[in-house]
Amino acid sequence: MPISDAANSFVCDLVAYEPGKPIEETARELGLDPSAIVKVASNENPLGPSPLAKEAMRKAIEQSHIYPDGGGYKLRSAIAGKLGFDIENIILGNGSNEIIEFLCHTFLNRDAELIAAKHAFVVYKLMATLFGAKYVEVDDPDFIHDLEAMADAITQNTRLVFIANPNNPTGTQVTQEAIDNFIDRLPDHVVAVFDEAYFEFLDTPPDVLKHVRAGKNVIVLRTCSKIHGLAALRIGYGVAPKPLSDLLQKARQPFNTNAIAQAGALAALDDTDHIEKTRAINRQGLEFYEKAFAQRGINFVPSVANFILVEVGDGDLVFKEMLKQGVIVRAMRGYKLPGWVRISIGTSAENHRALEVLDHVLAISATN
Ligand SMILES: *Cc1c(COP(=O)(O)O)cnc(C)c1O
């Protein structure tokens, strides 16, 4: 008997998450120098980690023989203080993705339903599948979450509704009014998950924390992977009313976030200089791409995040051809967008290089 026959069928059926192609792997396969490769595939911070975080992490290394504070007291206190909550409202995750897993452990089973938008961050579907739950997909006209339709889709079996705001890979945001109306309609047996991985990039940030403060079944997820430039550390956090955060704490391994990551995150939160520099370079990069695509008559989705979705004809082909020239973007077939690629905003030099290579590849595919 093959061992897969003994496994849960919903796990066997799962299509594993395909991350952005790593620089080292690309360099090995193409025989290129890693330093010549531009990776604009995973929405990472082109300025690197927060310098304050680096310094704090160097210090933390000295205590690597000691188990971390599994409760994350210092970091959770700092986050709570910053946002005006109590430490009990804050939960840490090995990346905010781990908190998505806590939510699924806590609320999903084979009868439960998880609702998300058609072009939502793909991890939600992966998790629903992994837990054997039903994944309910709601149309998102013009690539914007339709919160009214998502509320309409709620049934007695619904447990989780995921709203990525702004969403990845679309880069679009929902309005405060849509959020408030949605929360008004939220039944007691459903948790609304607002994934705010790109919150710090927003010029008009929504206020979802007021609903957490009001004790609604709402959790806000944030991460140190994006604006803080600490994706490799795997650390993020959730903010939820105490009854909800207490439940999620039970789903967590004792030492789920490590001490170096906690130290780095703590310092990064206060690194306003790095945050502002990142916001500025991102704004310039978005303007650069939007202007360039408009000039070329290339269809794109206006973005409020640190990446941009652009229609290129054959996304897989453009990905492959750009890769050959050392620029890693993300093909979007897995998001039901086979004609599109997603490009993360890089430094000015990286953006120029990526556009140059894209131009070259599009010219080639146009003549074929
Ligand atoms: C990048 C991203 C995250 C962050 O995941 P981490 O596990 O914190 O690195 C979460 N949600 C969305 C929508 C993202 O794009």
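The model is predicted. The structure contains 0 disulfides, and a search of the whole structure finds 1 cavity of 30 Å³ or more.

**Cysteines**

- A disulfide is a covalent bond between the sulfur atoms of two cysteines.
- Cys104 is buried, since its relative accessibility is 1%.
- Cys224 is also buried, with a relative accessible area of 2%.

**Lys21**

- Lys21 is located in the loop that connects α1 (9-12) and α2 (23-30).
- With a relative accessible area of 15%, Lys21 is buried, because buried means under 20%.
- A polar contact of 3.0 Å joins the side chain of Lys21 to the side chain of Glu29.
- Leaving aside residues up to four places away in sequence, Lys21 touches Thr26, Glu29, Lys39, Phe319, Leu323 and Ile328.

- Rolling a probe the size of a water molecule over the atoms shows where empty space is left.
- The residues that line the largest cavity are Gly70, Gly71, Arg76, Ile91, Leu92, Gln249, Arg252, Asn256 and Thr257.
- Sorted by class, this lining comprises 5 polar, 2 nonpolar and 2 charged residues.

Terms used. Residues are numbered from 1 along each chain as its sequence is written. This is a predicted model: local features need pLDDT of at least 70, side-chain atom pairs count only at pLDDT 80 or more; totals for chains, interfaces and linings use all residues. Side-chain values use heavy atoms; hydrogens and water are left out. A disulfide is a pair of cysteine sulfur atoms within 2.5 Å. Buried means under 20% relative accessible area, exposed over 50%, partly exposed in between (1.4 Å probe, protein chains only). Helices (H or I, at least four residues) and strands (E, at least two) are DSSP runs, numbered from the N terminus. A polar contact is a pair of N or O atoms within 3.5 Å; within protein, one must be able to donate a hydrogen and the other to accept it, and residues adjacent in sequence count only if both atoms are side-chain atoms. Contact means heavy atoms within 4.5 Å. On a 1 Å grid over the protein atoms alone, a cavity is a set of points where a 1.4 Å probe fits but cannot get out, and a pocket is an open set with protein on both sides within 12 Å along at least five of seven lines; lining residues have an atom within 4 Å of a point. Grid points are joined across faces, edges and corners, and a volume is the space filled by probe spheres set on the points. Ala, Val, Leu, Ile, Met, Phe, Trp, Tyr, Cys and Pro count as nonpolar, Asp, Glu, Lys and Arg as charged, and the others, Gly among them, as polar.
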